[in-house]
Amino acid sequence: MGNDELILLNFWPSMFGSRVKIALEEKGLDYEYREEELPNKSPLLLRMNPVHKKVPVLIHNGKPICESNIIVQYIDEVWNDKAPLLPSDPYEKAQARFCADYIDKKLYEAGKKITWYKNKEGAEEGKKEVLEIFKVLEGALGDKPYFGGENFGYVDISLIGFYMWFHAYETCGNFSIEVECPKLMAWVKRCLERKTVAKSLGDPKIVYEIVLKFRKSWGLD
Amino acid sequence: MPTDEQLLLLDLWVSPFSTRVKIALAEKGLSYETQEEDVLGGKSDLLLKSNPLYAKVPVLLHNGKPVVESTNIVYYIDETWPSPQLLPACSYGKSRARFWADFIDKKVFDAGSSIWKTKGEELEAAKKEFIDILKKLEGAMGDKDYFGGDKFGFVDVILIGLTTWFYVYEKYGGFKIEKECPKFAAWINRCKKRDSVAKNYVDPERTYEFVGMLRKMHGVE
């Protein structure tokens, strides 16, 4: 794998981009990181992801792979000699895919209701939805250290990037995730102890500042 | 298939997502039982227990263990009974197939629903969006006979079931796919010749009647 060229197009606050960073780190892969200065999109990004025009995009030897969970699965399959991210058993794989899909369908949209709220009621609605989702995820986690069981894996990678946005959710929604969902926060702290995660996540306080900046530019504040 | 394997599909005859799973099962030559769910009446205990989060069909129970979300089910079927393989063999090909399956799931059914649920200007906009989506999919297929290339494959399975509702969109939208996207229409006809598709393709007139009833319930008329 010595002469593999890997380029990651990303916007560092993206919870989806961090999935890819963590997966690359877990596999011990070298890659070139290129920051997209959103909302301005580079010609490379538009060329590599013409359908969605979104980050993250992983470019492997010139060929693009898009959609974060699909990229993580690709990384897991190509570099299958170490740190397996998905279970090998088809039924457990189906459970993992279902959980990651649930996170994708629900958490991002609910979170947006909080950070881009137009009024108190909107933020409150978003907060209720986010907390419901967190409770479901705590149920799925159960007493296990990670969603996959003993080992950090696909579902953990799918969710942990959202931690960068917790401070923004808490401040805009006026609540504490530690108080409402202590089990989830215990899982977060466990994940943050991993070097691969710690070096892949940006500062939640700076994410909140970016939220404020975008809110102002969109006339929400 | 060993005789002690049990497959039960929780089904709704008109659901294009159920049709998708039935086609996948047929492609693999698998026998299964079905339990028709009356989703407009009341949902069975088995459905509510098997799919507590969404309470939706289809659900595939394999030896009593549930797999939910139709695309997830098709992945599971392909992995558990690998011959004939629906996903491409190489990792990059797999990532492309997953990308288009994800695109189809995010876009096609919702865009189609916007057609039969709306009137006037909203309907015209919905129609335009739907046709744009089909054109993007035509682009993905290129000059090949199938999305899988020369062979009917994963993306073909994911998409062909949804086309059972296209007659509904054509009637309410006042357009013909054959005229707007002839390549796409040719692909539908090509797929319908396959046994797995022909045996499971729900009569479009029956679907149209069903949606007529839904429209009344949604107060669209």
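Hi everyone. Let's start at the end of a helix: helix 7 of chain A is followed by A:N174, whose phi is positive, near 60°. Keep in mind throughout that this is a predicted model.

Now step back into that helix. Helix 7 of chain A covers residues 166–173, and its buried residues are A:F166, A:A168, A:Y169, A:C172 and A:G173. Where do the buried residues fall when you look down the axis of helix 7 of chain A? They sit within an arc of 165°, so they line one face of the helix. The cover over those buried residues includes helix 1 (15–26), helix 4, helix 5, helix 8 (177–180), helix 9 (182–192) and helix 11 of chain A.

Let's hop over to chain B. Helix 5 there runs through residues 120–141, which makes 22 residues, and it reaches 32 Å from its first C-alpha to its last, close to the 32 Å expected at 1.5 Å a residue. Among its buried residues are B:L123, B:F130, B:I131, B:L134 and B:M141, and B:K127 and B:E138 are on that list too. Viewed down the axis of helix 5 of chain B, the buried residues fall within an arc of 155°, so here too they line one face of the helix. That buried side packs against helix 4 (91–116), helix 6 (154–160), helix 7 (166–173), helix 8 (177–180) and helix 9 (182–192) of chain B. Turned away from it is the face with the exposed residues B:E121, B:E122, B:K128 and B:G139. Just past this helix, B:G142 has a positive phi of about 65°.

Last stop: A:L220, in the segment after helix 11 (204–217) of chain A. Is A:L220 buried, partly exposed or exposed? Buried would need under 20% relative accessible area and exposed over 50%, so at 23% A:L220 counts as partly exposed. Leaving out residues up to four places away in sequence, A:L220 touches A:W116, A:Y117, A:K118 and A:R215. The C-alpha atoms of A:L220 and A:R34 are separated by 30 Å, and these residues are 186 residues apart along the chain.

Notes. Residues are numbered from 1 along each chain as its sequence is written. Chains are lettered from A and ligands numbered from 1 in the order in which they are written. This is a predicted model: local features need pLDDT of at least 70, side-chain atom pairs count only at pLDDT 80 or more; totals for chains, interfaces and linings use all residues. Side-chain values use heavy atoms; hydrogens and water are left out. Helices (H or I, at least four residues) and strands (E, at least two) are DSSP runs, numbered from the N terminus. The expected span of a helix is 1.5 Å times one less than its number of residues. Buried means under 20% relative accessible area, exposed over 50%, partly exposed in between (1.4 Å probe, protein chains only). The arc is that of the directions from the helix axis to the C-beta atoms. Contact means heavy atoms within 4.5 Å.
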